[in-house]
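Please examine the sequence and the model shown here before reading on.

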Amino acid sequence: MDFKLTDEHVKLRKEFFNVCEELAKKRPEGFTGLEGCYDTDEGWAYHLDCAKVFAKRGWLTLGWPEEYGGQGTIMDKVFMSEATGYYDVPGVDIFGVDMLAPTLHATASQEIKREFLPSIASGERMWCELWSEPNAGSDLAALSTSAVRQGDEYVINGQKIWSTGAHRAHWAFALVRTDPNADRKQKGITFLLFDMKTPGVTVNPILYMDGGHLYNEVFLDDVRVPVKNVVGEENQGWGVTQTLAAFERSNLGAIMGMHRQIEELVNYCNETKVKGEPLAKNPLIRSRLAKAACDLWAAHALAYRIVDAQSRNEMAAFDASAVKVFSGELQARMAQLGTEILGPYGQVKHSRWALFEGFFEKWYQQSFILNVAMGTNEIQRNIISWYGLGLPRMK
Amino acid sequence: MDFNLTAPQEAFQKEVRKFAEAELPPFVDIMDKENRFPHEVRPKLAEMNLYGIPFDPKYGGAGADHVSLALAQIEISKILAPVAMHMQLQHVVGDRFNKLATEEQKLEWMPQICEAQKVGCFGFTEPDTGSNPKMIKTTAVEEADCYVLNGTKRFITNAPWADVMCVFAKLEGDISLFFVETDRPGFSTTAKMEKLGLRGTDLSDVILEDVRVPKDHLMGGKGGKFDALKDAMTIGKLCLSAQCVGLMQASLEEAIKYAMTRMHFDEPIYELQAIHWLLAEMASRLEASRWLVYRAAFLKDQGIDSIKDLAITKLFVTSTAVDVCRWGMQVHGAYGISKEYKIERLFRDAKMYELLEGTSEIQRELIVRRLPR
Ligand SMILES: Cc1cc2nc3c(=O)[nH]c(=O)nc-3n(C[C@H](O)[C@H](O)[C@H](O)COP(=O)(O)OP(=O)(O)OC[C@H]3O[C@@H](n4cnc5c(N)ncnc54)[C@H](O)[C@@H]3O)c2cc1C
Ligand SMILES: Cc1cc2nc3c(=O)[nH]c(=O)nc-3n(C[C@H](O)[C@H](O)[C@H](O)COP(=O)(O)OP(=O)(O)OC[C@H]3O[C@@H](n4cnc5c(N)ncnc54)[C@H](O)[C@@H]3O)c2cc1C
């Protein structure tokens, strides 16, 4: 066992942090997290600019095979996400770089890989994920968007929902039903790629709790997609989604974001006096900050363990669920702590009264995303029960 | 011991519920989305006598008890909490007149407050403090025929369009309470704030620059008015704790409604144990909170010093409300954190209460100092 990073790792990690620190200086005012990328034109432009900077350094292809321009290892990718998470810097397309690229490496044909990987590596093409439907959330396999084959095209009809960034993304990876008569609903699903500008694609905003434009509903009316855009085999799309489990799932980006929040709160408590004493001397505040820091370091250690296991192909499916639930709930608690410490100044929107450009007011509302998106906490707990604890499987 | 509501209390509860369900829904978007207070609601609330529930009918009140006040607050906030918050401020100001003003002033001001011809606001918080009376910087200086007030108040609900303000200021080094008509020269407010929840209850800074008030505007004599603050806060805390109960009740109802209709794996998610767990936790905490609020109101009606009990109630109920609304949101999945469903508003509103009328830390102090030793 060895918890120490090698000198080389330390050096590389520092480089990621230095570059992100510089990029953070150009962040548009009030930019926060994932919503920041998609809500405003400035945020989107910033996202694209950062992507270019990373692409130039080859940092969007960390851990890829060399033949596709890859460099480094999964560990390097983790350091990179620590840096972007800490500075809240975008530029790494979670859909293209984090989800689609590894899926393609694991399951796609040479042609697909050659066609689609270069524009992910160069940071030019941004992606969205069209999986969930109004009646298919946790029970994703219940999806009903249909794709009917006509010659060398599919004709797609249906509705997708919660499609993050679909109003900005260039391309989509979607799940559609190609065989409505399959004996199990997981069969008969196909994973395919299409241009969001294809005729018949309509994107309508759904506003997030804080009023921001993060996700959308997407209507697909007679959308024609070439058959060659299928990833894997027709009707085998469910299997393709399952390979997602093998990706970098440490959540270290979110964890590093929390490190920065704690640092900011500590600074604030050192500088802010209540009844003539800095808040930092208030025993209640100290103990709550200390508790948060302990939880955070526990999450951090768990996350590193997962990366280590992953890099040896040893990870069990429930490990990632454990860190997702733990860090997701911690994120919500941390945002809660932030608003409590800042008091009313943490609850007014970005204005002359707000602290940290209104960050905590926004973050309080965005900190729930991890508890619902990509498998709700209840679903994660089911997974932990089945695979981790060997409890009987239930619906 | 008798845990039942009396017949008049129950009748009143039903009446307010009917009113709230019929009249308030059109104001939801105006307040939450546009962050604007709908003044059209004032005559409606006044007609129901919801601005002076526990006050003597002689002064325009409804002559009911504090349990009824709590019941009304719960029913109103089930539909739209910021309206209940606006009513709360009117009660806090009315209560100060009731307890501290001269008979003549009561007869002049209270009916106008109870009918909402005059809207009140309450000014304690300042840029430097929201809880420590020693740090209050607003000053009152006595002159031959008046007091002259100077200072800045922060986060003042109703301030942008209030007619009268109860202001805490330092007079001869000690805290005193004044009432000030807001059209007096030197009284101004800043732009209203955009905030997370309880939107539409307009909140702003108040700036007092050489504001002159007649000597009879000093309420309850010179000095020692920190007690007046704590006392004023009991009615405020009762109202806001009741509002939290209303929010929790609404969250539970929304969560059940959603869970019964959301189909997953061929059955409503209502059938899943994971959802049972969330709903059961929500219901338990809601009931505990409700009975704490009823009891606090009951003690207030008995004339028992209820500072401790209201602090206990407020501490428990406000943090519980955040949990309950969050669980309600979790039941809704992604729908819960979008603007499509009501639950996210309940959650944002609930968050605002923890630090109103004294942070949780202050409540703990108030409780511990009053525990039997
Ligand atoms: C911010 C955000 C961004 C998103 N972005 C995308 C995107 O880009 N693309 C995309 O396709 N999707 C996206 N999603 C959708 C996300 O994947 C779904 O929200 C998620 O799968 C849950 O589905 P649901 O919201 O329909 O909730 P439901 O599945 O309806 O769940 C409702 C409640 O029931 C519980 N529940 C359901 N089934 C079970 C069970 N078997 N056992 C125990 N409890 C259960 C859930 O935990 C939840 O509390 C996003 C969601 C969010 C919140
Ligand atoms: C929606 C809204 C409406 C309001 N309406 C009014 C009104 O009408 N009239 C009025 O006078 N005031 C009003 N206020 C102000 C409110 O009552 C004060 O904000 C509150 O009493 C706390 O004051 P403070 O933030 O100045 O905190 P202080 O007591 O000065 O403390 C400073 C900061 O330290 C934090 N802190 C202190 N101790 C702890 C601890 N142990 N744990 C965690 N954090 C701690 C506090 O949360 C606060 O942020 C309103 C506030 C809001 C949000």
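Across the interface of chain A and chain B, zero salt bridges are found, a salt bridge being a side-chain nitrogen of Lys or Arg within 4 Å of a carboxyl oxygen of Asp or Glu. This is a predicted model, in which local features need pLDDT of at least 70 and side-chain atom pairs count only at pLDDT 80 or more, while totals for chains, interfaces and linings use all residues. Residues are numbered from 1 along each chain as its sequence is written, chains are lettered from A and ligands numbered from 1 in the order in which they are written, and side-chain values use heavy atoms, with hydrogens and water left out.

Polar contacts do join the two chains: 20 residue pairs, both at pLDDT 80 or more, are counted between chain A and chain B. A polar contact is a pair of N or O atoms within 3.5 Å; within protein, one must be able to donate a hydrogen and the other to accept it, and residues adjacent in sequence count only if both atoms are side-chain atoms. On the side of chain A that touches chain B, β6 (201-207), α10 (317-342), α11 (359-366), α12 (369-372) and α13 (377-388) each supply at least two residues. These helices (H or I, at least four residues) and strands (E, at least two) are DSSP runs, numbered from the N terminus. In total, 42 residues of chain A and 41 residues of chain B take part in the contact, where contact means heavy atoms within 4.5 Å.

Two of the helices named above also pack against each other. The axes of α10(A) and α13(A) come within 9 Å and cross at roughly 145°; axes are lines fitted to C-alpha atoms, for helices over the stretch in contact, and angles run from 0 to 180 degrees between N-to-C directions. Among the residues that meet are A:Phe318 and A:Val325 in α10(A), and A:Ile384 and A:Tyr387 in α13(A).

Helix α8 (residues 252-271) of chain A and α11(A) form another pair, with axes that come within 13 Å and cross at roughly 145°. The residues in contact are A:Arg260, A:Gln261, A:Glu264 and A:Leu265 of α8(A), together with A:Phe359, A:Phe360 and A:Trp363 of α11(A).

In one of them, the side chains of A:Arg149 and A:Glu234 meet at 3.8 Å, N to O. This pair links distant parts of the chain, 85 residues apart: A:Arg149 is in strand β2 (residues 146-150), and A:Glu234 is in the loop between β8 (230-231) and α7 (237-242).

In chain B, B:Gly151 lies in strand β3 (residues 146-157). Leaving aside its neighbours within four places in sequence, B:Gly151 is in contact with B:Thr138, B:Val206, B:Ile207 and B:Leu208.
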